[in-house]
Amino acid sequence: MTRAGRQPIIVADAGPLIRLAAAGLLGTVKVLNRRIVLVDRVMDEVCGDRSKPYADEIWRWIESMGDAISHVKTVYGAGIDALKSKQRTAEEDALLKSSLRNSGELALREFVERWLPQLAGEAIVVYEDKRVAALFMDSDFPVTLMTTRSFARVMQDWGINADAVAALESIVDRYDLKPALVGEIDSETPRDLRALPQELKP
């Protein structure tokens, strides 16, 4: 990920948006001048229940971003919506409950797999849930993974927000934060030799 690049930023799960909102950093994302990708299940996780913390703030930010945010429909999301909208049997209720678990990450994986990036730098995935890294470790396509802390560090290093790291660190008493990790999954590397994201070097 470079300052001059224009690769889209793909939000892997609800965690990064909630933490950026809590730290007052959502507005800074707009200055990156990049497209933000939200798959349907991640959108539902952050804004589906407006009583959740920061749901309204994130919704307003999404509206303010306009066309800078790409809203992506997935088969996974469509299946869950279909189950939600019908009268369900006990078996279907159990299926819905099971499907909602990790649904944002699974819908994201479906989208990236359909997009099929050719270079790791084409797909910048920002995540907070540790399951995201595991989900992409066996992928057949290259991808770059970056935690929220790394994302804040990049915004600060690029001079976009000199207080980004401090702002994010100010919420650690309320939200768990993964270390500043970044990693490229190279589809040419055998699966058993691939490394999980490592600490971002200064």
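Predicted model: local features only at pLDDT ≥ 70, side-chain atom pairs only at ≥ 80, totals over all residues.
User: Why does the radius of gyration of the protein agree with that of a compact globule?

Analyst: The protein has 202 residues, and for a compact globule with that number the radius of gyration would be near 17 Å. The C-alpha trace spans about 55 × 40 × 35 Å along its principal axes. The value for the protein agrees with the globule value because it is 17 Å.

User: What percentage of the contacts with a separation of 6 or more is accounted for by residues 24 or more positions apart?

Analyst: The chain is arranged in 10 helices and seven strands, and buried residues make up 49% of its 202 residues. Among contacts with a separation of 6 or more, the share accounted for by residues 24 or more positions apart is 73%.

User: Is phenylalanine 136 buried or exposed, and which residue forms an aromatic pair with it?

Analyst: Phenylalanine 136 counts as buried because its relative accessibility is 0%, where buried means under 20%. A search of the whole structure finds two aromatic pairs. One of them is edge-to-face, with 6.0 Å centre to centre and 80° between the planes, and in it phenylalanine 136 is joined by phenylalanine 141. With a relative accessible area of 1%, the partner is likewise buried, and that partner is phenylalanine 141.

How values were computed: Residues numbered from 1 in each chain as written. Heavy atoms only, no water. Helix = DSSP H or I, 4+ residues; strand = E, 2+ residues; numbered from the N terminus. Rg over C-alpha atoms; globule rule 2.2 N^0.38 Å. Buried < 20%, exposed > 50% of the residue type's maximum accessible area, 1.4 Å probe, protein only. Contact = heavy atoms within 4.5 Å. Phe/Tyr/Trp six-rings, centres within 6.5 Å; stacked < 30°, edge-to-face > 60°.
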